[in-house]
Amino acid sequence: MTSNQSNAAAVRAFRVLELLSTAESMSLMQISEGLQLPKQTVHRILKTLAAAQLVVRNLDGQGYECGPRVRQMSVSALMHTGPATARRAVLRKLGERLGETVNLTALDGDLIVYLDRVETDSPLRMHLQPGSHVPLHCTSSGKLLLSLQPAAMRNRIVDSLPLRKMTEHTIIDPTRLRQELADTRRRRIGMNDQEFIQGMVSIAVPVMRDAYRAWGAVAVQAPLARYDIEALLRHVPAMREAADAIAAMVPASSRKAQAQVAAREDATA
């Protein structure tokens, strides 16, 4: 294989991964049509990517999705590259304004990952490092970002989640959780009232990448000794301002790709 052929093959493989990153999973036909490549070519690329654990079959075996190596690389890239310093400056300003710990989070499979975190100076706080993972069903960011997924995907995730009881306030009934997600989707604010850790409350607002989907979430958490949910909700305008500033840093190409995928998903959800 010549150098030019190798480069072309590498670019095609990257295009497949790029397309797969915009959806929960895609069939061979959808990838072929999306990239305007022959099915035989796409199948060959997928086979190579699967051998490197960069692509895996989805649970029903009818489609493909990005593998764990790609997801981990994506999380690392979000944490350490691009406008990471600028994002942190926005979080720091918000944290100083609120006097509490603020987080930038994103979905990572069936968990929430902390991309960045600015801690309060108060000794009464919860210590978590960027890169840490927390559950979806009992955190403000988790419920918010899950609520904003297409209905079919949202229901599949709820059905598969281990609804572990973290405190006496944790929602562990799937029907009740679905209602909570519907309420969260309407208000565009995620709330966690001692559902993850007893004595800790938090709220989250979305960082929107386009009119359809959230790129991540900005969340604030505080001990009940200093704030309750109602008191935190008074800071929503400042949180939305910070979320909008971070959203403006999301690459336009990413926003466009997600808008196209979101429109397809909403049409079939």
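Which side chains meet in a salt bridge at 2.4 Å, N to O? Those of Arg178 and Asp159 do, a salt bridge being a side-chain nitrogen of Lys or Arg within 4 Å of a carboxyl oxygen of Asp or Glu.

## Basis of the description

The model is predicted: local features need pLDDT of at least 70 and side-chain atom pairs count only at pLDDT 80 or more, while totals for chains, interfaces and linings use all residues. Residues are numbered from 1 along each chain as its sequence is written, and side-chain values use heavy atoms, with hydrogens and water left out.

Helices (H or I, at least four residues) and strands (E, at least two) are DSSP runs, numbered from the N terminus. Buried denotes under 20% relative accessible area, exposed over 50%, and partly exposed in between (1.4 Å probe, protein chains only).

## Salt bridges

The structure holds nine salt bridges. The side chains of Arg178 and Asp159 form one of them, with 2.4 Å from N to O. This pair links distant parts of the chain, with Arg178 in helix α8 (residues 174–187) and Asp159 in helix α7 (residues 151–160), 19 residues apart. Arg178 is partly exposed, with a relative accessible area of 29%, whereas Asp159 is exposed at 57%.

Another salt bridge joins Glu195 to Lys143, whose closest N and O atoms are 2.8 Å apart. Here too distant parts of the chain are linked: Glu195 belongs to the loop between β6 (190–193) and β7, and Lys143 to helix α6 (residues 140–147), 52 residues apart. Glu195 counts as buried because its relative accessibility is 7%; Lys143 counts as buried at 0%. Within helix α8, Asp183 and Arg186 are three residues apart, so about one helical turn separates them. Their side chains meet in a salt bridge (2.3 Å, N to O). Asp183 is partly exposed, with a relative accessible area of 24%, and Arg186 is exposed, with 62%. Salt bridges with shared partners connect Lys143, Glu180, Arg187 and Glu195 in one network.

## Nonpolar cores

A nonpolar core is a set of buried Ala, Val, Leu, Ile, Met, Phe, Trp, Tyr and Cys residues joined through side-chain atoms within 4.5 Å. The largest such core has 32 residues, of which Leu94, Leu104, Ile203, Val207, Val218 and Ile246 touch the most other members. At least two residues of this core come from each of α5 (84–98), β3 (101–108), β4 (111–118), β7, β8, α9 (229–233) and α10 (236–247). Helix α10 supplies the largest share, seven residues. A second, separate core of 22 residues includes Leu136, Leu146, Leu148 and Ala204.

Leaving aside neighbours within four places in sequence, Val218 is in contact (heavy atoms within 4.5 Å) with Leu94, Asn103, Leu104, Ile203, Ala204, Val205, Val207, Met239, Ala243 and Ile246. Helix α10 has 12 residues and spans 16 Å from its first C-alpha to its last. This is close to the 16 Å expected at 1.5 Å a residue, the expected span being 1.5 Å times one less than the number of residues. Its buried residues include Val236, Ala238, Met239, Ala242, Ala243, Ile246 and Ala247.

## Strand pairing around β4

Two strands pair if DSSP finds at least two bridges between them. Strands β3 and β4 run antiparallel and are joined by seven bridges; the partner of Ala106 in β4 is Val113. Two residues lie between the strands of this hairpin, where Gly109 takes a positive phi near 70°.

On β4, seven of the eight residues are buried. Three bridges also join β4 to the antiparallel strand β5 (residues 133–135), in which Pro135 is the bridge partner of Leu111.

## Loop residues

Most residues other than glycine have a negative phi. Gln53, although not a glycine, has a positive phi of about 60°. Gln53 lies in the loop between α3 (39–51) and β1 (55–57) and counts as exposed at 52% relative accessibility. Arg188, also not a glycine, likewise has a positive phi of about 60°. Arg188 lies in the loop between α8 and β6 and is partly exposed, with a relative accessible area of 30%.

Asp210 occupies the loop between β7 (200–208) and β8 (214–223). Asp210 counts as buried because its relative accessibility is 15%. The C-alpha atoms of Asp210 and Ala247 are 8.7 Å apart, although 37 residues separate the two along the chain.
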